[in-house]
Amino acid sequence: MPEVKVPELAESITEGTIAEWLKQVGDSVDKGEAIVELETDKVNVEVVSEEAGVLQELLANEGDTVEVGQAIAVVGEGSGNATSEAPAKEDSSKGDAKSSEPNEAQAKSSESNNNQSEDKSQDNGQRVNATPSARKYAREKGIDLSEVAAASNDVVRKEHVDQSQKQTNTQQSQPAAKEESKPAASQKPTKPVIREKMSRRKKTAAKKLLEVSNNTAMLTTFNEVDMTNVMDLRKRKKEQFIKDHDGTKLGFMSFFTKAAVAALKKYPEVNAEIDGDDMITKQYYDIGVAVSTDDGLLVPFVRDCDKKNFAEIEDEIGNLAKKARDKKLGLDDMVNGSFTITNGGIFGSMMSTPIINGSQAAILGMHSIITRPIAIDADTIENRPMMYIALSYDHRIIDGKEAVGFLKTIKDLIENPEDLLLES
């Protein structure tokens, strides 16, 4: 029968997790129809059947990790609602019931033999005069009855065993008396908690973020941007922009994306990465835009931002954000970017030190726009809409001079948007 196998996913992805079976055993399946949703390190992928028929067998359960090329289901001939294997299992369980009684007797006999063997080993070859309850209690606690008998000088009873254990515990705890007040690491919490497995994506993100922290010389430099001119421009051109571009709104992200492209051209080291002993400087400008979803942070890439105008960038960002929230991002949307922008300001963040995305050399962090008093000159102070911006960068590739210059270029272009239009 035809097998459904995990397809090739991407160059860097070799396995995934069964997120949800979209079809169950006995369901009809059309050729090319999705039967399972696979969660990978980057996105969710639907695996389709190459044959039409009935889903005969599932070879993996939800939550299982499966590798590329692994068979995960079997599709056979027939029409829908085929019978499953449940009745066969039910019959076999009835047959097993007939032999359960002798098995139980054998188990009891084996347990009795084990208990006798334990008694002999605990008594060191000598039969200790002890009550049955004392023997059972000693077995459970792992206590040698011969040692208890030497202290009791009589029939060993349960209380003798208990007393012997307390003495042993006291002796063992004396060297660690100072540590006694510290709670054990494995001690169960006394307050309510929820323990659940991390999703594959969260585990992958945690692993990669830790790798970035451990394997790069990451530093962060800061600056602040006066957003007055950009906000005035957006206000003046808002309605006309929407009319000219079929409802597309002019947001801040297109300004920062175009500013980033101009700065990357001026400081090409920021558009590079390390590969072994080589430094690869990218000649393209695929800008990642961090998108927050219920499943965590995703970073799809807007391709060829140097060739797109403001409206095209805004459209692409909106489309990618919707696909991310709807779990429709493809692997092609998530790989081979050159630089990333993250906007913590939409959540109210005033300042942060973003972590570099993957093997890239830097990441730009945007933050909340906050009206603050700013000194215009020696005699004038005005309230201005200000934003802190941050550039986290890999100091192995980028020197401090280039990092500061890159961020200063972003600042100058945002504060003078007409220059940004000329750069585009």
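Which residues line the second largest cavity? Before I answer, please keep in mind that this is a predicted model, in which local features need pLDDT of at least 70 and side-chain atom pairs count only at pLDDT 80 or more, while totals for chains, interfaces and linings use all residues. Residues are numbered from 1 along each chain as its sequence is written, and side-chain values use heavy atoms, with hydrogens and water left out.

The second largest cavity, then, is lined by Met350, Ser368, Ile370, Arg372, Met386 and Tyr388. Strand S18 (369-375) and strand S19 (381-394) are the elements that give two or more residues to this lining, strands being DSSP runs of E with at least two residues and helices runs of H or I with at least four, numbered from the N terminus. By a cavity I mean a set of points, on a 1 Å grid over the protein atoms alone, where a 1.4 Å probe fits but cannot get out, and lining residues have an atom within 4 Å of a point. The space in this second cavity is about 30 Å³, where a volume is the space filled by probe spheres set on grid points joined across faces, edges and corners.

The largest cavity holds about 80 Å³, and its lining includes Val43, Asn44, Arg201, Thr293 and Asp295.

Within H6, Arg200, Arg201, Thr204 and Val212 are buried, meaning under 20% relative accessible area, whereas exposed means over 50% and partly exposed in between, with a 1.4 Å probe and protein chains only. Seen down the axis of H6, these buried residues fall within an arc of 95°, so they line one face of the helix; the arc is that of the directions from the helix axis to the C-beta atoms. On the face turned away from the buried side, H6 carries the exposed residues Lys207, Leu210 and Asn214.

Finally, the second largest pocket has a volume of about 450 Å³, a pocket being an open set with protein on both sides within 12 Å along at least five of seven lines. Of its 19 lining residues, the closest to the centre are Met253, Val289, Ala290, Ile317 and Ile346. Helix H9 (310-325) is one of the elements that give two or more residues to this lining, and H9 supplies the largest share, five residues.
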